[in-house]
Amino acid sequence: MATATAKPEAKIRKVNFKFEKPFPKHWYNDNPIATHFMNAQHLAFPDGEKFFIRSVKAFADVYKNDPELKKRVDNFIGQEGTHYAEHQKFWDIMESQDLQPMKFVDVFRKTAWNGLETWARKTLTKNQFGNKIALSVTVALEHYTAMLAESGILNKDITEKMPQEMKDLFMWHAAEEIEHKAIPFDVLKKVDDSYALRVGGMAIATWGLWFYLGLGTVMLTAQDKDVKAKDIPKDLFMFLSKFRETFGGTLASQYFQYFRKDFHPDQIDNYHLAEELLAGKNYA
Ligand SMILES: [Fe+2]
Ligand SMILES: [Fe+2]
């Protein structure tokens, strides 16, 4: 299956999103649970993206003599580095809203990175197995971010009620996730083409993504003094039904494509969505 749109360059753009204080506390659809799910992404992305960068860099020896792949990896690292810096800016706004974002970040760091990742890299050293698993988890999470990005771009009602600066941040991030979706995949192919390794990474990624986003949502909701217990079932129902309606279609149709033996991210034709979204934006 060939892609209909040429692969764009994953350009590193200079951006500087600014969030004004006071920022509406329940900024997403006036729904605290939906907002804290998005806030959990602001908290999870920075450390997650640092992990992606470590994971490809661990195999620098494999791509350093391939100038084209090296250039693409450098762009991938540059894009992810900009993403985590921009999302991390929102942590300060959350503090100003009487939330304690660092409580989640501490748990996330202790368990996922200082715990699981460090253990795997230090213990599973034979044939660099720990490093290979970390890269395959990265590749799987990039499949997720590209799917979420496509849904976010296509379903305009996801972002239509967001404050403009937040919408701009998520849309820019979404476009770049699509631009670079194939880069870690191509590194993994070169490192180890094992099908079992690739789908094993997807199992860990699927658990990790939903577990930590769920945990972040629960922790922030519990910290939020403006959440009324009696409204939680209604807000949760609204959030889940909207999520199913807007993200469900793409996730259902693209998730399982990853399990095809000959899968490559380029087979999902969405590069044009990134190009269209970024066209006319004056990011340097
Ligand atoms: Fe990113
Ligand atoms: Fe990414």
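Student: Which residues line the second largest cavity?

Tutor: The second largest cavity is lined by His-143, Ala-146, Met-147, Lys-181, Gln-254, Pro-265, Ile-268 and Asn-270. On a 1 Å grid over the protein atoms alone, a cavity is a set of points where a 1.4 Å probe fits but cannot get out, whereas a pocket is an open set with protein on both sides within 12 Å along at least five of seven lines; lining residues have an atom within 4 Å of a point. Please note that the model is predicted: local features need pLDDT of at least 70, side-chain atom pairs count only at pLDDT 80 or more, and totals for chains, interfaces and linings use all residues. Residues are numbered from 1 along each chain as its sequence is written, chains are lettered from A and ligands numbered from 1 in the order in which they are written, and side-chain values use heavy atoms, with hydrogens and water left out.

Student: What volume does the second largest cavity have, and which helix gives the most to its lining?

Tutor: Its volume is about 50 Å³, a volume being the space filled by probe spheres set on grid points joined across faces, edges and corners. Helix 5 gives the most, with three residues; helices (H or I, at least four residues) are DSSP runs numbered from the N terminus.

Student: Which residues lie nearest the centre of the largest pocket?

Tutor: Among the 31 residues that line the largest pocket, Phe-51, Trp-113, Val-137, Leu-141 and Gly-208 lie nearest its centre. The volume of this pocket is about 590 Å³. Helix 5 supplies the largest share of its lining, eight residues, and the lining divides into 23 nonpolar, five polar and three charged residues.

Student: What are the protein donors of the iron ion (ligand 2)?

Tutor: Donors are N, O and S atoms within 2.8 Å of the metal (3.2 Å for Na, K and Ca); water is not among the atoms, so sites may look incomplete. For the iron ion (ligand 2), Glu-80 gives one OE atom, Glu-142 and Glu-177 give two OE atoms each, and His-180 gives NE2, at 2.0 to 2.7 Å. Glu-80 also coordinates the iron ion (ligand 1), which lies 3.7 Å from ligand 2.

Student: Why is the arrangement around the iron ion (ligand 2) called irregular?

Tutor: Ideal angles at a metal are 90 or 180 degrees for six octahedral donors. Four donors count as tetrahedral if all angles lie between 85 and 135 degrees; four count as square planar and six as octahedral if opposite donors are over 155 degrees apart and all others between 65 and 115; anything else is irregular. The six donor atoms here subtend angles of 52 to 157°, and the arrangement is therefore irregular.

Student: Are Glu-80 and Glu-177 buried or exposed?

Tutor: Glu-80 is buried, at 0% relative accessible area, and Glu-177 is buried at 2% (buried means under 20% relative accessible area, exposed over 50%, partly exposed in between, with a 1.4 Å probe and protein chains only).

Conventions:
Helices (H or I, at least four residues) and strands (E, at least two) are DSSP runs, numbered from the N terminus. Ala, Val, Leu, Ile, Met, Phe, Trp, Tyr, Cys and Pro count as nonpolar, Asp, Glu, Lys and Arg as charged, and the others, Gly among them, as polar.
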